Structures are given as structure tokens and as C-alpha cells.
Amino acid sequence: MRPLLTIGMFAQAARLSPKALRLYDELGLLRPAAVDGESGYRFYDPAQLERARLIAWLRRLGMPLARIRRVCELPAPAAAAEIAGYWEQVLAETAARGQLATFLVDYLAGRGSPVEMSATMLGIRYAARSETGLVRTSNEDTAYAGPRLLAVADGVRGPGGDLASAAAVEALRPLETLAVPAEDLLGVLAEAVEEADRAIGQLAASSPEGSAVTTLTALLWSGSRLALVHIGDTRAYLVRDGELFQITHDHTFVQSLVDEGRLTLEEAASHPQRSLLIRALTGTGGVQPDLSLHEAVAGDRYLLCSDGLSAVVPAESLCEALTGSEGPQQVLEELVTRAYAAGAPDNIACVVADVIGLEASADPGRDGGRGR
Ligand SMILES: [Mn+2]
């Protein structure tokens, strides 16, 4: 038998501190081979080094002592499985903590001090309207605004266009009351759009023409995140710090020519086929909406509209109307007035929404409502 090592020698060989060794003794993790009856000094067998090193490594892994004891008592293959199981658990917990960390980083980076933490939730003030305009005899546009959902849809002309745009928005409305964590927003929205497309498919099947087509542009809220879904030539704009940004890309033939550098924006605006869509909800499945996440910031203003507004009121005029100090309802009226002043050749669907801190107002809710 090899001579026993003092606790100091053993600690050095195992790269553990004597203090740690005493703790492991007390916890039953690693008992000394012998204890001097008079002095109480601990002595270790060199054969115990392997276990001591294993304990040291598992500590470095962050494994709790109780679990280390379990690993040490298992035969090697079972110990390996136990360590693998522990690591999977660590990764899962780390992923969950990562999501929380991301949220906090986003939150504090976007809006300052921890004092505001109690005020995390943002709300919106909104107004929505849909108008026939001066030329059309029917209105195929739908506009909707609620506490968590904003949407516009432009049904393709003809009988059933109004039903198609209404059905698309209706398919999103359950999201208004569904609790959706920010990380699930896009998935939930993508599913709702597939549902909308199925609804359009049913309309098409029961219509005399056998077809139903609509665009759809919508924003869904969760905490400080906004998910945007978009298909067709309805648009979403963001007004931030007095500047207007179009945050959707038209799915039109002319826009694709502009993207390819074959047409200028000015030429596109007067192109005879400017309203020809290359993507829309057609009820035929395989729907390909654009989906994106945006950070909501108090003070931001959003505009969703159909081409009945954006095709006739220039961006500068939109910006002018949108950067005023009035609330969403007055801004909406101003925008519709400008569309009429431009001849209102098409239906006009319009939603204006302001992002506000919920503490900022006792009644952050409705300023307008549903429009058709
Ligand atoms: Mn239109």
C-alpha cells in the first residue's frame, strides 16, 4: 500500500484547496482514507486522486454539490449520461435566461433608466377609417385598429373584394386577445396569415368568379415589440423624430422593375400597370408575406394605408400631415382630406397609431376604432 498523503499534499495534487477538501468530507463527497484520532488531521490515499479531480472538474462545470455526489456514486457510463443530462438542462436554462437578458438589454437601451421598469408596457392610441373615395362606387378596402392590432387590406376590385379584405383582417383579430410572448410574435402572425389565406380560398370557392384577392398589411404588438406582416401594395410607414420611413416594400410589378433599376420611382408612379400585384392573398396556399420585428418606442407614429392614399398623396405631404401635434383621429382626418383633395380616385383605407407609455395616460385606448 502506498503511503497516505497529508491533506496539504493531496490538495496540491488534486488542485483543490484544503478548505474545499474539508467541505467535501463533511458533505460525504470525498472521505479521507484516515483521520488521526488525536490531531484530527485528514490523510488521503493517492488512489482517491481520480475522484478528487472529477469533483474539481464538475465544480468547474458549475454542477451543484448534491448532483456531484450522485455522479460520483454512479458507474462511469451512467455518470457520463448524468453529466450530459445536466448540461442539456444548463443549456435550456441559459437559453431562457438569454431571452430575458435580451429583453432587458432592449428595454434599457431603448428607454433609459431602471426606474421605468414598472412602466415597461407601451400602448397605442389609434384611429382607423375606410372611405369609398370620389370615383369608385363600392369600397373594397378594410381598415381596423384595436389595442394590439392594426391592419389595412385592399380587396381587388369587383364583387367580393370587400369580403376578401374584411376576411383577411378578421383572420388576424383573434390575435388581439391572445397572449403572445414577443419571441413568438412572428410565428403566430405567420400562422394567422395562412389562416387568412384559407379564408380567402373559401370565399373564392363560393364566389361566381371563382377568385378572391386582397392585400394585407398589419402590425401586432407585444410589450415593446411590434411584428409587421405585409403582402401586396398596402403600406406601413413609421414617423420617428419627425422623419417618415416607409417600412414595407410594395409587391408590385412596377416596384420589381424599380428594384432592378429598369424604372425610376417617378416612372413607376405613373406606369399604367402600377397596381399590378406580384404577391397577394389569393387563397391558393403557399402565401409569402414579408414578416419583420420592430422595436416600439414611445413617441413613434405609424401609418398603415392602401394605395388610395399613398398613390395620390406624395410622401412629403404625408409627412407634413403626420408630423403635426394633433392626435391620431385628427391626423387621420387630415390624411383623408388630402386624398380627397387629390381626387380620391380609389378607395382609401387608413390607420394612424401613436405609441405611448401606458402611464402617460389614464385612458390609453381608443381614439377612433373600426372603419370600413
Ligand atoms: Mn386600392
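Which residue takes a positive phi in the hairpin of strand 9 and strand 10? In this predicted model, that residue is Asp 241, whose phi is near 50 degrees, and the hairpin has two residues between its strands. Strand 9, residues 235-240, and strand 10, residues 243-246, pair in the antiparallel sense over four bridges. Two of the residue pairs can be named: Arg 240 stands opposite Glu 243 in strand 10, and Tyr 237 has Gln 246 of strand 10 as its bridge partner. In general, strands of a sheet pair through backbone hydrogen bonds, in either a parallel or an antiparallel arrangement.

Strand 9 also pairs with strand 12, residues 301-305, to which five bridges join it, and these two strands again run antiparallel. Here Ala 236 has Leu 304 of strand 12 as its bridge partner. Strand 9 is mostly covered, since five of its six residues count as buried, where the cut-off for a buried residue is 20 or more other C-beta atoms within 10 Å of its own.

From strand 12 the pairing continues to strand 13, with five bridges joining the two strands in an antiparallel run; one of the pairs is Tyr 302 with its bridge partner Ala 353 in strand 13. Strand 13, residues 348-357, is likewise mostly covered, with eight of its ten residues buried. Ten bridges join strand 13 to strand 4, residues 122-131, and these strands too run antiparallel, with Arg 129 standing opposite Cys 350 in strand 13.

Taken together, these pairings give an open sheet of five strands in the order 4-13-12-9-10, with antiparallel pairing. Strand 4 and strand 10 stand at the edges, and because each has a single partner strand, one side of each is left without a neighbour in the sheet. From one strand to the next, the twist averages 20 degrees.

Two helices can now be placed against this sheet. Helix 11 lies across strand 9, strand 10 and strand 12, and runs at about 125 degrees to strand 10. Helix 12 in turn lies across strand 4 and strand 13, running at about 155 degrees to strand 13.

A last stop is Arg 51, which has its place in helix 3, residues 49-60. Is Arg 51 buried or partly exposed? Arg 51 is partly exposed, because 14 other C-beta atoms lie within 10 Å, whereas a buried residue would need 20 or more. Leaving aside its neighbours within four places in sequence, Arg 51 is in contact with Leu 30 and Cys 72. Arg 51 and Leu 30 are 21 residues apart along the chain, and their C-alpha atoms are separated by 7.7 Å.

Notes: Residues numbered from 1 in each chain as written. Predicted model: local features only at pLDDT ≥ 70, side-chain atom pairs only at ≥ 80, totals over all residues. Buried ≥ 20, exposed ≤ 12 C-beta atoms within 10 Å, placed from the backbone. Pairing = 2+ DSSP bridges. Axes fitted to C-alpha atoms, helices over the stretch in contact; angles between N-to-C directions. Contact = placed C-beta atoms within 7 Å.
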